[in-house]
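Visitor: I would like to learn how to read a sheet in a model of this kind. Please start with the layout.

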Amino acid sequence: MKILGIGNAIVDVICKVEDDFISKNELTKSTMKLIFDENEFKKLLSNLKIEKTVSGGSVANSIVGISQLGNDVGFIGKVNDDDLGSKYEDGLKQENVKYFYTKKKEELPTGTCLILVTPDSERTMCTFLGTAGKINENDVSSEAIKKSEIILLEGYLWDEGEPKKAFEKAINSANKVAMSLSDQFCVDRHKPHFLELVKNKLDITFANEQEIMSLIDAKSFDEVINFSKSLGKIIVLTRGEKGAVAINGNEVVECGIKEGLKIVDLTGAGDLFAAGFLHGHVNKMSLKESLDKGTEMSSKVIQQIGARL
């Protein structure tokens with residue numbers, strides 16, 4: 001197997017709503033809110049008509065992208081043995097992703113992200129992690145990890161106690177480790193841990209400019225380049241309008257953004273950027289070709305709704 005992803009297994013439930021639904025439920029438009037109370041989540045959902053249900057989660061989105069490019073891939077993420085859990089598993093199987101997790105009855109339901117689309121096409125998200133946030137080391141198969149060339153992890157997983165053990169087990173069993181730093185808040189919460197991972201444990205790190213600058217407390221992007229060069233590992237950075245940069249020791253390559261795109265929805269841009277780059281990497285493309293492939297994939301996904309092509 002080329003790549004095995006380990007991440008939060010979350011079902012995206014997409015609903016169309018009017019603007020007053022957002023204000024009435026005291027939500028902030030275009031943001032993501034974590035909901036910890038299942039009843040609050042159910043109450044929100046009870047008055048809505050579901051447009052579309054899609055298997056989501058950051059690493060899972062990347063893995064699906066890598067599968068669509070013709071690679072042999074797998075995924076581990078925790079769901080409950082419920083309706084959404086079955087939908088999640090089916091969603092992955094339809095994309096030719098091997099699912100290395102056997103679902104069982106859990107105390108918490110399958111993780112869900114309610115995506116509320118208002119008439120102006122903005123999306124407001126409410127995430128209930130559910131059982132996804134309870135992944136532990138017993139859920140992670142060392143055998144599947146050893147059989148894959150690279151594992152892909154997400155920074156979001158580092159958040160709670162048990163997932164961290166699963167994370168460490170995965171890293172210790174892996175041939176090669178790639179990870180996305182996920183989110184600036186994530187980096188700020190776990191700075192010393194993430195810095196240790198980037199320096200000593202990861203072979204490939206994906207981050208955007210804000211995340212990497214926050215991680216090393218850099219004042220300028222030149223500092224980031226010098227830090228990355230000194231590691232002798234692959235660091236892949238997206239810089240919004242400024243395109244993307246990949247660094248491997250003294251080799252530094254850049255790729256500009258595609259012009260004239262009709263941008264509809266930025267969800268999944270980073271996930272599919274990682275998919276394109278990793279596809280290049282495992283298929284022995286050069287650093288520059290891998291970076292170009294990442295840019296091509298992310299350019300496609302931002303011109304449509306949702307994080308999957």
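**Reading the sheet**

Guide: The nine strands of an open sheet follow the order S6-S5-S1-S9-S10-S11-S12-S13-S14, with mixed pairing. Its edge strands, S6 (97-99) and S14 (251-255), each pair on one side only. From one strand to the next the twist averages 20°. The model is predicted: local features need pLDDT of at least 70 and side-chain atom pairs count only at pLDDT 80 or more, while totals for chains, interfaces and linings use all residues. Residues are numbered from 1 along each chain as its sequence is written, and side-chain values use heavy atoms, with hydrogens and water left out.

Visitor: What counts as a strand, and when do two strands pair?

Guide: Strands (E, at least two residues) and helices (H or I, at least four) are DSSP runs, numbered from the N terminus. Two strands pair if DSSP finds at least two bridges between them. Pairing goes through backbone hydrogen bonds, either parallel or antiparallel.

Visitor: In which sense do S11 and S12 run, parallel or antiparallel?

Guide: S11 and S12 run parallel, joined by five bridges; threonine 205 has isoleucine 235 in S12 as its bridge partner. S12 and S13 are antiparallel, also with five bridges, and leucine 237 is partnered by valine 245 in S13.

Visitor: How many residues lie between S12 and S13 in their hairpin?

Guide: Five, and glycine 240 in the turn has a positive phi of about 55°.

Visitor: How many residues of S12 are buried?

Guide: Buried means under 20% relative accessible area, with a 1.4 Å probe and protein chains only. Four of the five residues of S12 are buried, leaving this strand mostly covered.

Definitions and conventions: Axes fitted to C-alpha atoms, helices over the stretch in contact; angles between N-to-C directions. Buried < 20%, exposed > 50% of the residue type's maximum accessible area, 1.4 Å probe, protein only.
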